[in-house]
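Please keep the sequence and the model in view while reading.

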Amino acid sequence: MSTTRRKLLRCAGVAGGSIARFSGPLVAAAADPSGFLEVFARRQTVRRYKSDPVPDEHVRQILDAARRGPTCMNQQPWKFLVVRDRARIDAMKKRAFELLVPRIEAAARSKQMPAAEIENRKAQALRFTEGYFTAPVYVVVLVDSESSCSSYALMHDGPIAAGYLMLAARAFGYGTAYLTDGIPDEVTRDVLAIPKRYQRICVTPIGVPDRWPAQARKRKLEEMIAYETLEGHAPLQPVPYNP
């Protein structure tokens with residue numbers, strides 16, 4: 001096993017168990033897989049970040065974890081576009097704001113929303129969008145549409161790699177977010193000159209959270225598990241919308 005992988009697994013808790021109970025990096029202490037599982041429990045969507053830099057070596061180890069995901073016929077069709085230049089980030093933010101307001105207004109008109117609700121939605125969307133652009137590093141997760149198994153990769157390989165990336169980032173104490181319409185595809189495609197052959201899965205900021213959000217309510221595991229058959233199991237009930 002390489003030194004890089006050992007370091008990452010140790011941070012994630014694989015090399016040892018009880019994780020320190022705080023919001024920073026997850027640190028292993030004793031041989032116990034619960035340490036690794038704690039990374040999953042502590043991953044949360046972060047919408048605002050501090051300007052603290054993310055070391056290049058951390059970014060490399062996070063992306064090294066992302067590329068370890070399962071992939072159709074071992075095609076490994078990923079391209080991870082790392083963006084750290086503040087001028088490019090600001091250009092993405094400007095373009096995102098240009099697209100955001102007209103889209104909200106058009107959607108609101110189609111649903112005949114009251115004016116007050118439209119303004120509330122615009123304010124919330126602008127606040128979220130502004131926060132998304134406060135991180136020091138962004139990774140655009142792409143799949144090569146000209147690779148073999150490309151349709152499968154777009155549906156499966158790409159999202160799995162993004163999930164690995166976000167878990168590895170959390171092991172180092174960083175926040176992330178799986179952004180699709182939060183930062184529209186045309187924003188990254190235009191500003192970053194992404195060729196058509198590469199299809200975007202998501203873009204995620206990576207950075208130290210301005211603050212860790214409260215833990216989102218999760219369904220009880222028993223609601224999601226069935227054994228042998230779904231016969232007689234009640235459908236899942238809706239949970240409150242949590243933007």
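Helix α6 covers residues 150-171, and at 1.5 Å a residue its 22 residues should span 32 Å; the end C-alpha atoms are 30 Å apart, so the two values agree. The expected span is 1.5 Å times one less than the number of residues. Helices (DSSP runs of H or I, at least four residues) and strands (runs of E, at least two) are numbered from the N terminus. This is a predicted model, in which local features need pLDDT of at least 70 and side-chain atom pairs count only at pLDDT 80 or more, while totals for chains, interfaces and linings use all residues. Residues are numbered from 1 along each chain as its sequence is written, and side-chain values use heavy atoms, with hydrogens and water left out.

At His 156, α6 bends by about 35°, and a proline, Pro 159, follows within four residues. The bend is the angle between axes fitted to the seven residues ending at a position and the seven starting there. After α6 comes Gly 173, with a positive phi near 95°.

An α-helix has 3.6 residues a turn, so residues three or four places apart point the same way. Gln 112, which follows α4, has a positive phi near 55°.

What does the loop between α3 (56-66) and β1 (78-83) contain? Thr 71 is placed there, and a polar atom of the Thr 71 side chain lies 3.0 Å from the backbone nitrogen of Gln 76. A polar contact is a pair of N or O atoms within 3.5 Å; within protein, one must be able to donate a hydrogen and the other to accept it, and residues adjacent in sequence count only if both atoms are side-chain atoms. Setting aside residues up to four places away in sequence, Thr 71 touches Gln 76, Pro 77, Trp 78 and Asp 157, where contact means heavy atoms within 4.5 Å. Met 73 is in this loop too; although not a glycine, Met 73 has a positive phi of about 55°. Met 73 counts as exposed because its relative accessibility is 66%.

Strand β3 (residues 198-206) is mostly covered, with eight of its nine residues buried. Strand β2 (residues 137-144) pairs with β3 in the antiparallel sense over eight bridges, and DSSP must find at least two bridges for two strands to pair. Val 143 stands opposite Gln 199 in β3.

Arg 189, in helix α7 (residues 185-191), counts as buried because its relative accessibility is 18%. A polar atom of the Arg 189 side chain lies 2.9 Å from the backbone oxygen of Tyr 198. Beyond four places in sequence, the contacts of Arg 189 include Ile 194, Pro 195 and Gln 199.

Confidence comes last. The chain averages a pLDDT of 87, and 87% of the residues score at least 70; pLDDT is the predictor's confidence in each residue, from 0 to 100. Among the elements of the chain, α3 has the highest mean pLDDT (98) and helix α1 (residues 3-12) the lowest (48).

Notes: Buried means under 20% relative accessible area, exposed over 50%, partly exposed in between (1.4 Å probe, protein chains only).
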